[in-house]
Structure formats: C-alpha cells, structure tokens
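Hi there,

Here is the structure I promised to pass on. Have a look at it first, and my notes on what turned up follow below.

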Amino acid sequence: MLSGLNTRQTLAIAFLVLWVTILWVPRSADALPAPLDFEAFDTPNDGGESLTIVFRPDLSVPERHYFIYMSPDPGGEFRQVAEVIPTAHAKANRRTPWWAGRWSADFTLYQIRSTDTLALENGRSYFLKLVVKEQKESSETEIHSAVPRANLFNFSLLNNFLLMSLFTGTVFLSIAYARKNPNLFLRRIAGLDAVEEAVGRATEMGKPILYLTGSDGMDSLSTIAATVILGEVAKKVARYDTTLKVPHRDPVVMAVCQEIVKEAYLAMGRPDAYKEDSNFFITLDQFSYTAAVDGIMLRERPAAILYMGFYYAESLLLAETGAGTGAIQIAGTDSDTQLPFFVTTCDYTLIGEELYAASAYLSREPVLVGTLRGQDLGKAFLLGVVVLGTLLATAGQVLQTDVFSYVLDLFRDFK
Amino acid sequence: MLFWKRQFPLFIAFVMGVVFIFQYYIPHPYSEGMLTEVSEWLRIISGFAIILGIASLSHLHYKKIQRKEPGWGYSYVVYLSMIITVVVGLWSGGKEEGSGLGWIYNYTLVPLQGTMFSILAFFVASAAYRAFRAKTKEATVLLIAGTIVMFGRVPLGEYLVSNIGGLAEWILNVPNTAARRAILIGISLGVIATSLKIIFGIERGYLGGKE
Amino acid sequence: MRSFAEKMLAIDRRWIFGLIALATLLPLLYPVGLPIRPSPQVKNVYEYIEGLPEGSVFLLSMDFDPASKPELYPMAVSILRHAFKKNLRMMGMTLWVTGTGMAEKVISDVAQEMGKQRGTDYVFLGFTPGSSAVILNMGQDLLATFPKDHYGMPTSELPVLKGVRSLRDVQYAVSLAAGSPGIETWYVYGKDKYKFELGGGCTAVAAPGIYPLLQTGQINGLIGGLRGAAEYETLLERKGKATSGMDAQSATHFMIILLILACNLFYFVTRRKDTRRR
Amino acid sequence: MEGFLGAWVAVGLTLFIYSFLYKDNPFFKLAEHLYVGVSMGYTIVRIYYDTMVKSLYQPMVSEGKWWLVIAALLGLLMLTRFIPKITWLSRWSFAFVVGFGSGVVIPRIISSYILQQVQGTLLPLASVGEGGFRFGLAQLNTVLILVGVVTVLFYFFFSIEHRGAIRGAARVGIYFLMISFGAGFGYTVMARMSLLIGRIDDLLLYSSSDYGYATIVLSILIILGLLYWERSSRKAVKKVDMP
C-alpha cells in the first residue's frame, strides 16, 4: 500500500504522524521548560521595601504565563504575589541607564513592592520562585532568596549629579577668573537700563515707584532674585530721594525686603530717609492682593512699576491696570506661562534668565559678573550637547546602531 | 557676637543648602522623611510669620485712619471684615461644612475670587488691542502667531477655515516648544548659579544689614 | 481720516470692555448654535446610552463642586435629559459633599422638566462619606450603603431600585468629576471589580490626565470641558448652556481678532500719512 | 434662606468688582477692602487650625514629635523683628528658609529644566524605514525645534557681544520667542473667556425670580449709585475750582 505513494506524500504522512505523536503523547509537568536565568535581588537605587526578579522568558509562546511566588521562609507556604507579563518589559528596560546596571532586552524584570496586603521588610530574607503555566501544565524554578534594603545613593541619578558638580566647578572657576579680570564684557539689557530712567522720572514727577517681588515665598529662587534687584533699585531710589512702595503677599519676604531696603539706604549714606513701612503686607490671598495692588495703582498713580519674580494668573490683572495709569512698566520673570502678558503690557520685559542676570548687570560686581560668565559657559556646553547629540541620534538611526545611546543616555532624565 | 549675627546665618544657609542638594540623590527613607519634615517646618515658620503680616496690615490701616488719609473709612471695612471672619471661623471651629465660615467662603471669597479672575477676559482684549500692532517685525510675528492660535481654538474658526486648528496646534507644538525649552534651560542655569551663590555665602543681600 | 484713526488707536479701554461684555452676554442670552463636530470620545458615551434598552439601570455620579459648575453642570443636564428620554432607571449620587446641593438641584430640575417621578423613575442617593469605600460598599450591597435616599425615603421600598442589589446590577455608570475622588476612583474600585461599563466627564484642565484611561479602554468615553458638553448637546439635538457657552467663546475670540485687525488698520492709516509727509 | 441671602451678597460683590472696569469708585473700594479683610481673616483661621493645631500642636503633644519645637523656635525668631535690639535673630530663620530653597531646587531643576528639555530635543533628524531614508514632516519639526532651541539660547548669551553670526542667530531666536509669546497669549484667551462666561452665567442664574431678581435689582442700584457718585464728585471738583 505504501508503495503507491510518492516521496512527497510519504513525507506528508510522516509529518502528520509526528504531529499527532507530539500532541497525543501525554507529557509530564517537567516537559514545560523552566524559565532561564531566574534571579531575585534587592531592587537597586531605591528606598527599600522592594525586590526585583529577572528571567529570560520564551516570547515565542504567547500563551505561557509567568507567576511569582514568595514566602518569608524557605520551607513555608509560597503565595502567589504577581503575574509577570513578559512583553511589558522592553519599555521598562529604558527606565534604567546603562551605568546603573541595565539588563539586556531579552530579560524580563519585575519589581515587587510593599503594599497594604504584602509587606516587605527591609533587612529580612524572602524566598521567591517563578512558576510557568501553559494551559494545565506548569513548572517552576529553584528557589532564590533576596533581602530588600534601603540604598544610600541612587545611581540612576549619577548624570544629574555629575552635571551639578560640573556646573558648580564652572561657576567657581568663572568667579575666580572674574576676580582677576574685573572688566568683563556684558551685553546690554534694555530693561535694566530703563530702571535708571524710571527712577529719574519718578523723582521728576514726585510720584512713588511701585515694586512687586512676585507671588512666591522666600524659598523660591525667583523671589530671591527679585529681592536682590530690589536692593539695587532701592540704592538708586535712596540716591534720588524718591519714594518706594513694596506691597507684599508673603510676610517672610516682607521682612527680608525690609532688611534689604534698609541696608541699601545705609549704603547710600541716607539712613535717615529710610521708612520701615515702604515694605508693607497686604494679604496672602492671590486675588485680594491683586485687587488691593490695582487699587494702589489707580489711587497713587506711581511713575514706575517694576514686576520682578514669579507670577501666576494675576500678572495681566496687575500689568494691564498699570499700563492704564501710564506708568513706565518694567517686568522680569521666569514664569514662562506669564511672559506673554508682560511682554504685551510692559515697556520692558526681562525674559527668563535675564531676571537672574539683573543683579550682576545693575551692580557690576566682579563676582556676580563672573557667575554670569559661568552661566554662559553652561549654556555653551548645553548648546553643544543639543547639536552634537542630535547628530549622534541621527547617526544612530542611519547606521541602525544603538552604540550612541551610551552617550545620549548621559543627557536623559532618569528617576 | 558678630559671629552669631553674620557668620552663623551663612552657616545655616550653607548646611541647609548642601544637605538638601544631596538629599535628592539619596533614596533612603530617612532622606525622604527629612524632606517632608522640613517642608512641614517651613509651613510652621510661615505660620508664625503671618503675625508679622497682621501687624503690618493693621499698622498700615491704623495710620490711614489716624491721619485721615483719603479713603480712610475703608480701613474700617478691612478691620471689621477681618475680625468678623476670624470670630465666625473660631465659632465654627475651623470647619467649613454647613458652618458660618463655609457661608463666608462660598458667598464672599468664591465669587470675589472668580470675578477678579474673570476680569482677565477684559484685560486680555484691551492688552491685545494695544500690543498686537505691526509696529516692528517682531511685533508682527507675535501678532500673527497669537491670532492664528486664537482663531484655531474655537468652533467658528474651524468652521471658517478647516485646517486652522491643526496650524494652531503646530505653532503650539513646534516653535513654541522650541522657545520654551530654551527659556527653561536658560532659567535653570540662572537658578543654579544663584542657588550656589547663596549656599556658599557669596550672595548675602537677603540677610540685610552688616550689624 | 487720520485723526479718526489716531483717536481710535488711543480709544478708551472701556469701549473694548463693553464690546467683550456684549460678545459674551448676547450669545448666552440668544444662542446661535454654531455647528460643533462631535468627537468620537463624546460620541461613545452618547451611543452607549442610546443603545441601552428601556429600564436599564443607569448611575450618574456628580463628583464636582460649584467651582467647576460652568463646565460640568451642562454635561449633567444633557446626560440626565438623555437618560430620561430613553426611560432608563436613573440613580444619581455624589462623592463630593460640597456638590450635594448642586447635584440635587440638577437632577430634580431635569426630572421635573421631563415629567419624571421621584422614586419610580429616578432616585437621588445623595452623599455619604468614604469616597472609594462608598464604591466598594455599593459593590457589595447598594441598599446597605444608602439605606435612605437624599430625602430620607428608605431605598428598599423605592420602585426604581427594584431588583437592584449592588453595582453589578448597573448597566452603565458615568462619573462627572472635577478631580479626586472621580473617574479614576470609579474605575479602580468600581468598574474593575464589578464589571459595569463606565464613562466619564471632566473639566478641560483635567482632560489630558484622563485621556490615558480612555486609550486603555478603562472608560468607554469621555466628555471634556465645555466643548465636550456642547458636543453632547449637539448629539442630543438639544442646545443648551454649553452650546451657548461655545458660541460666546467663538464670539469673544472673534471680537478680539476683529479688534486686532481694526487696530492694525488704524495703525497703518496713521503710518502711511507719516511717511508721506516726510 | 441662606442661599437666597448668599446669592444677593455674591451678586453684589461680583458687580462691585466689575464696576472697576468703569473706573475706580466707592463700590470697588468697598469690595476691595472687604476682600482683603475677609481673605486675611480666612487665612488666619486656616493657619490657626491647619498649621498651628494640626501640624504643630497635635503632633507635638499626642505623637511626641518634640523636634517640632525647633520649627516653632525658628518661627518665633521671625517675631524678633518687633524688638529692634534682637532683630538680627530673624536672620537665622531667613537663612533656614533660603538655604533650604536653594539646595532643594538645584538637582530638581537639572532634572526637569535641563535633562528633560535636552532629551526632548535629541531626536534623529532622519528616519530609516523600508524605502531608505525618510525626511518627513516629523523630521522637519525636529529640525525646527533644534534651530529654535539653539538660536534662543544664543539670545541669552550675556558675556559675548551680539555681533556677526551670533547677532544673526540671536535675531532668529527673538522671532522664536515672539511666536511663542503670541501663541501663549492666544492659547490662554480661551481659558480666560471660560471664566467670564462662567461668571456671567451665574449672574444670569441669579437674575431669575427664584433669587428675587438679584442681578437686575442690584445692577440698577449700582448704576444709579455710580451716577450719583459721578455727579456729586463733579460738584466737588467745581467747588475747588471756584476761587
């Protein structure tokens, strides 16, 4: 009977028989291979109460499920703590930079975290195994143990740390350089040249200057920059003998500004002209402060209004009222969402970083000018990174290689 | 004595600054706990500082009344409304649900806040009328970008010009993103440099006088 | 001509304020109903309700306070109208104590308008503290969580709740939320466990944060902001507050654009004269 | 009843504030001073209960967090500003607050303002797909963003003179800034208009009979009040002019 078949038919039958055998013969649980390279360890770079497991899944079999079982003692009862979906891994892998021990893409990672129902104590041993299930069959790995710990340094943030150190070094070197060469060039900042003009105009008109320090507290750097500029403005005000009014939204900022203005008058040799209530408090609330300051603008008609520091939605409510009174308006803010409103309503606006350059520009102190030079070096560096990095990324894409990611990862934000 | 007046505050700022730079890189629970704790302390400090604010505000209006400055009568309104709110608030035990304090909040603070905020709508228009003039090339660019975005974000705009929404979206996502990114990078360097100056005692203006 | 243009350039701001006020007020009083193209995510909510058989149990949770009223109140009105029109069994509630009064008002107003009876066609369960726990309890035993409705009627005796034991008996739930507890809470503690379909509505500011839930199918549709509410009104073919609100939006935007065009026109008139004189 | 009275108060205050759009007037002044007073009173109540009682007193007494004494002391040092001789003690608190703010901000701003912004820019300028190189709209956008970031950064250089190529780059940067400001302005208009629509909607609601026509009655009263005020203030001006 078989003789009547040609080779192709024979092969087909043989194949069929083979298949049937594979499907027919009952297999033991061991037939399902245990996942390769299973490991469990303390999750690195974290605050503890967490463990991580890795293994190499067989991605060619999508119906295979992987479960983690855990127990606080090796002989005890193992509870299922999670199911791991192996394909979800590729994304997660990018979350760790290469210098903090990244696993290659064929590994799957899973992080077990302490939750309300599952407590992982730091310093205690836990025993884990991985169970693979496919339909009714299952197999499991040998048991691994791991101890969750709180770590002392997050190596994922190493690039952040290095940038911080690099920039700190640059700033100090620039300051040292500026001390030796005090006459560094500074480009013109139109808004700050106008401060002198504004103070002069206020003197001529016999009207006050209104100065706002922004809406943030003293722990915000924008506010600090604003108070430093206030010191310089107060010096000019003291020299010209004009009135200065600084309404406040934060009592701490008010207290600091009182010190600063007092110091400015002292420095100008006019301590007698200093008035403690040129800095005064209105209220903490955003819009009642705005209403009150708008009222001050309409009633006292200041000759000049300076807005420095960080602002929120009140920016336009203040600046447009000020524009209506005909005062010279100079703004300086690093709140990027409010910049459009200041730019459209004020005569001069210091944009972003210019706010931080202002104190150096007004005082011309070598140390401050030096830091400005440091900032410029920092910018030049980042500018180079952006251009070269883009070229590297393009090269990587064109050459279909991942090798440049070792450089590019240095400028990625990891958590 | 001069040490406590001058150097010690600088030392505090230095220690606080350095500790909280490093805090970021340390994932240990103690480090995280310290951050939350000190943030709480800051709240408590400003809680006490509010007394300075109350004093300043009361002093300001006291002087207005005393000198009979124009509009001094309104200073009584400030005192009265402040005292009434505090009394009602203490009476309500600080709770707002169905209490007098809640009533004050819902029927005075909420509408006042909403109204002040909504005045922005008028100011946006008058600011646009004044500033969106093609005086210079820069102003022209600003005006065109602003108009397209305004146009593209309402049904009528999309109705009149079918793809204007996409163009508005593009302006927001491409040139706007680029400029904002550079602004943020610039700001960050300014902030870091200023922080360093404070931490290392180079910038000490905020401490005021020399004595 | 020139002096007129100059005058117009230096025009008193109050004229502009007046124009903006008119551009807002008139469309609100006399809505035009400019065509609005409904987006798929709003359509999904509408079509799900449209597809529910009469007598299905529908739950509307109004999780917002007066601060978000302009955006979420019109949504509540439209959805309620839709549900009543479809003769669904309507359950209203809120997870925000500050929103109780408003939720009660909207539900009784719309019910009165549609001629629906409290207790037989709809029930307002009101507020009970606990946020996520409330949802979990409702999943176990709805009547025990709300033994009485907002008006003090025992829920076990209400005809509208006949046969309703827990959230499992709910066919569709919609959370109109201004924050947390809200859509996410309903998903995590409700839909995920008790397997009813869930839709959402939120403020425009919150919408980008809710979109991921939509993409993963955790909610079947989303009504975002005043615009979303207007789209729903369009689908329902019943123009209301949101549509007129969108009209007002269009009108004010165009008023500003017209003002900008006008000021540039005046500006060019004055400038041309300047150059000629030179 | 509470709601009825509340509606009248809310409508009155809303209209008082809007009257400011006409000009500064007694109604606005009243609302403004009332707003300052109420907000200050509310803040005092909230700080007392939320900060002093809940965050300071209770944790110290019932949870034994004795170290909060230090925070309280730093807070009390602020109050030395009332005593001129020891005012300098308040500097310790300033230094604490300012030092904390300066330290905390550095690594965080590197993360969100430097790394996240730079990483968003580092994208390939060309993609390689099935048909070889491709340079589509997405890539054009990438190039534009790169150009924008670079030129705007040039604008921010302070210590080099803006001449020649740098001047050119900075000029382009200024255009990018202007587009961004225009777009930012236009983008915000919508949100601001929604607020106004919300407010006007409320006023329309309160003009119904349920609320005793509050909006209509109060509007008329305020307009009459303003007219009276205008007339009397004009008279006052005339009197001054007379001699």
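Let me start with D:Asp50, which counts as partly exposed because its relative accessibility is 25%; here buried means under 20% relative accessible area, exposed over 50%, and partly exposed in between, with a 1.4 Å probe and protein chains only. Before going further, please keep in mind that this is a predicted model, in which local features need pLDDT of at least 70 and side-chain atom pairs count only at pLDDT 80 or more, while totals for chains, interfaces and linings use all residues. Residues are numbered from 1 along each chain as its sequence is written, chains are lettered from A and ligands numbered from 1 in the order in which they are written, and side-chain values use heavy atoms, with hydrogens and water left out.

**Salt bridges**

The side chain of D:Asp50 meets that of D:Arg46 in a salt bridge, 2.9 Å from N to O. The term stands for a side-chain nitrogen of Lys or Arg within 4 Å of a carboxyl oxygen of Asp or Glu. Both residues sit in helix α2 of chain D, 4 residues apart, about one turn of the helix; helices (H or I, at least four residues) and strands (E, at least two) are DSSP runs numbered from the N terminus. D:Arg46 has a relative accessible area of 18%, so it is buried.

C:Asp109 is partly exposed because its relative accessibility is 34%, and C:Lys105 is partly exposed with a relative accessible area of 30%.

In chain A, A:Arg270 forms a salt bridge with A:Asp272, where the closest N and O atoms are 4.0 Å apart. A:Arg270 is partly exposed at 23% relative accessibility, whereas A:Asp272 is exposed, with a relative accessible area of 64%. A network of salt bridges also links A:Asp58, A:Arg64 and A:Glu134. Over all chains, the structure holds 41 salt bridges.

**A serine in helix α2 of chain D**

Which residues of chain B does the side chain of D:Ser55 reach through polar contacts? One contact, of 2.9 Å, joins D:Ser55 to the side chain of B:Glu40, and another, of 2.5 Å, joins D:Ser55 to the side chain of B:Arg43. A polar contact is a pair of N or O atoms within 3.5 Å; within protein, one must be able to donate a hydrogen and the other to accept it, and residues adjacent in sequence count only if both atoms are side-chain atoms. D:Ser55 lies in helix α2 (residues 26-62) of chain D and counts as buried because its relative accessibility is 9%.

**Aromatic rings**

There are 52 aromatic pairs over all chains. Rings of Phe, Tyr and Trp (its six-membered ring) pair if their centres lie within 6.5 Å, and planes under 30 degrees apart count as stacked, over 60 as edge-to-face and the rest as tilted. B:Phe8 and D:Trp92 make an edge-to-face pair, at 4.6 Å centre to centre with 65° between the planes. This pair crosses between chains, from helix α1 (residues 2-23) of chain B to helix α4 (residues 90-121) of chain D. Both B:Phe8 and D:Trp92 are buried. One aromatic cluster is formed by A:Phe153, A:Phe155, A:Phe161, B:Phe22, B:Tyr24 and B:Tyr25.

Charges sit over rings as well: A:Arg187 lies over the face of D:Tyr155, at 4.9 Å from the ring centre, and C:Lys69 lies over the face of C:Tyr73, at 5.3 Å from the ring centre. The rule asks for NZ of Lys or CZ of Arg within 6 Å of the ring centre and within 35 degrees of the ring normal.

**Backbone points to check**

A cis peptide bond, with omega about 0°, joins C:Ser180 and C:Pro181. C:Pro181 is in the loop between β4 (172-177) and α8 (183-194) of chain C.

A:Asn45 is not a glycine, yet has a positive phi of about 55°. A:Asn45 lies in the loop between β1 (36-42) and β2 (50-56) of chain A, and is buried because its relative accessible area is 13%. A:Arg301 has a positive phi too, near 45°, and lies in the loop between α7 (286-300) and β12 (304-308) of chain A.

Best wishes
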